[in-house]
Amino acid sequence: MAKLTPPVEKNQYVTVKFEDLTHEGAGVAKVDGFPIFVQNALPEEEGNVKIIKVKKGFAIGRMMETTKESRFRTEPPCPVYKQCGGCQLQHLKYEAQLDYKTKQVKEVLARLGNIKDVTVHPTLGMEDPWNYRNKAQVPVGESEGGLVAGFYKQRSHDIIDIERCMIQQEQNDDVVQAVRKICSKYGIRAYDETKHKGTLRHVMVRYGATTGEQMVVLVTRTKELPNKNKVIEELRARLPQLKSIVQNVNSKKTNVIMGDETTVLWGEEYIYDNIGDVKFAISARSFYQVNPTQTKVLYDKALEYADLQGEEEVIDAYCGIGTISLFLAQKAKKVYGVEIVPEAIEDAKRNAELNGITNAEFEAGKAEEVIPAWYKKGISADTLVVDPPRKGCDEALLNTIIDMKPNRVVYVSCNPGTLARDLQVLEGGGYKTVEVQPVDMFPHTTHVECCALLVRKD
Ligand code: SAH
């Protein structure tokens with residue numbers, strides 16, 4: 001193919017009309033078929049754009065003047081929306097965000113998985129799409145006045161001090177602010193990633209939406225935490241809803257937030273939360289969905305797609321603390337869960353006990369190793385659920401599924417791109433994707449969660 005010569009050059013002004021949004025939420029306009037990406041622009045909008053960068057297959061522009069505004073534009077309510085990298089879609093009306101996500105899922109399934117003949121349902125949204133996050137994970141830095149805690153500026157590691165985050169449960173913001181003030185008062189220094197010095201790296205807070213219980217995790221570079229006892233004492237005095245104060249040591253030069261060493265400084269190792277009628281104990285290191293309202297919607301959909309009659313053997317791959325497994329166990333003969341984080345498996349076992357569920361078994365390990373080993377031992381599934389991280393399922397797991405031939409596969413995914421890739425593999429192995437239900441777990445961000453149902457063709 002002949003190389004497409006970009007029809008625009010740096011610093012040029014062009015008048016354009018926007019047609020689409022990228023997966024990162026930027027507006028897309030075309031000049032002679034060549035895409036121009038402009039932050040904050042929306043489909044249907046028109047305006048004058050200055051080209052600031054020209055790359056091989058696209059250019060990046062900046063909106064200089066908008067001549068026509070989208071019907072779907074709205075005033076972003078968050079005062080730091082433009083600086084903060086956390087949300088990307090606050091300027092788009094919520095209904096339109098849901099339509100955008102549905103369209104994106106359809107488009108990605110077709111383009112990356114060649115899956116066209118499938119029903120993609122309209123994205124299930126929230127009635128009140130604010131203050132939904134049950135977990136805050138906030139980097140800590142320093143300014144002249146002491147510690148700052150907030151969010152990274154878009155595409156940078158500068159920290160913006162934020163007292164209120166509009167998608168966060170307010171109780172979590174309160175804890176972050178209390179930690180910031182107390183640690184400032186006791187002379188605890190923020191971690192400096194360029195010098196690899198200082199102490200406090202991140203504050204993580206978890207909130208059990210149905211119990212009101214909170215856990216705070218101080219992620220530090222060193223095991224030593226200056227004035228530790230005073231910090232604990234004051235946190236407890238200021239925040240009576242705290243059930244657990246935890247320290248996690250991460251001494252590495254890394255962007256990964258948590259390190260390997262976790263100690264309870266005060267209180268419980270767990271906080272509790274309920275999803276539907278199942279109760280969960282959640283520890284510092286375990287994965288737990290961040291939007292409790294929509295988690296229920298997602299799990300109900302997974303359960304509906306699993307269509308259990310009570311006699312099935314079910315495998316839940318990437319089971320975390322056993323959330324989906326325990327939902328399924330209420331309707332199945334037996335559930336086997338597998339998960340890579342050993343602490344999460346401990347939580348899963350504890351959660352089964354907590355709910356009097358005796359037909360669920362859990363094993364720690366890689367899904368792509370444990371499930372083939374189970375299969376060799378004669379453990380097979382009528383229904384198989386997968387809920388992998390963003391990178392999707394390992395090929396070895398997909399091949400085992402194809403050999404094992406469960407009647408139904410329910411694929412829960414937080415990344416439509418890897419979902420499309422994996423569905424294509426399963427389709428090649430005898431499965432048909434019947435329907436896909438996107439669920440809005442992360443309003444005002446470009447992230448989209450999906451639940452897909454596959455059945456065997458024969
Ligand atoms: N189903 C759970 C967890 C989903 S998140 C829930 O809804 O809460 C994905 C999980 O996969 C995480 O808990 C992560 O630790 C786990 N994981 C990542 N790679 C894995 C692998 N190779 N094998 C098994 N589990 C893995």
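Predicted model: local features only at pLDDT ≥ 70, side-chain atom pairs only at ≥ 80, totals over all residues.
Residues are numbered from 1 along each chain as its sequence is written, and side-chain values use heavy atoms, with hydrogens and water left out.

Helices first. Two packed helices are described by the angle between their axes and the distance between the axes. The axes of helix H1 (residues 94-113) and helix H9 (residues 416-428) come within 8 Å and cross at roughly 45°. That makes H1 oblique to H9. Angles under 35 degrees count as roughly parallel, over 145 as roughly antiparallel, 65 to 115 as roughly perpendicular, and the rest as oblique. Axes here are lines fitted to C-alpha atoms, for helices over the stretch in contact, and angles run from 0 to 180 degrees between N-to-C directions. Helices (H or I, at least four residues) and strands (E, at least two) are DSSP runs, numbered from the N terminus.

Which residues of H1 and H9 meet? On the H1 side they include Val105, Val108 and Leu112, and on the H9 side Leu419, Ala420 and Leu423 are among them. Contact means heavy atoms within 4.5 Å.

Next, the annotation. In the UniProt record, an unreviewed entry, "binding site" covers Gln289, Tyr318, Glu339 and Asp387. Such annotations may be inferred rather than shown by experiment; the positions are given in the numbering used here, and feature names are shortened.

I take two of these. Gln289 sits in the loop between strand E15 (278-283) and helix H4 (292-306). Is Gln289 buried or exposed? Its relative accessible area is 5%, so Gln289 is buried. Buried means under 20% relative accessible area, exposed over 50%, and partly exposed in between (1.4 Å probe, protein chains only). Not counting residues up to four places away in sequence, Gln289 touches residues including Asn134, Asp387 and Glu449.

Glu339 belongs to strand E17 (residues 334-339). Glu339 also counts as buried, because its relative accessibility is 12%.

Last, the backbone. Most residues other than glycine have a negative phi. Glu44, in the loop between strands E3 (34-38) and E4 (46-54), has a positive phi near 85°. Asn131, in the loop between strands E6 (119-120) and E7 (135-143), has a positive phi near 50°.
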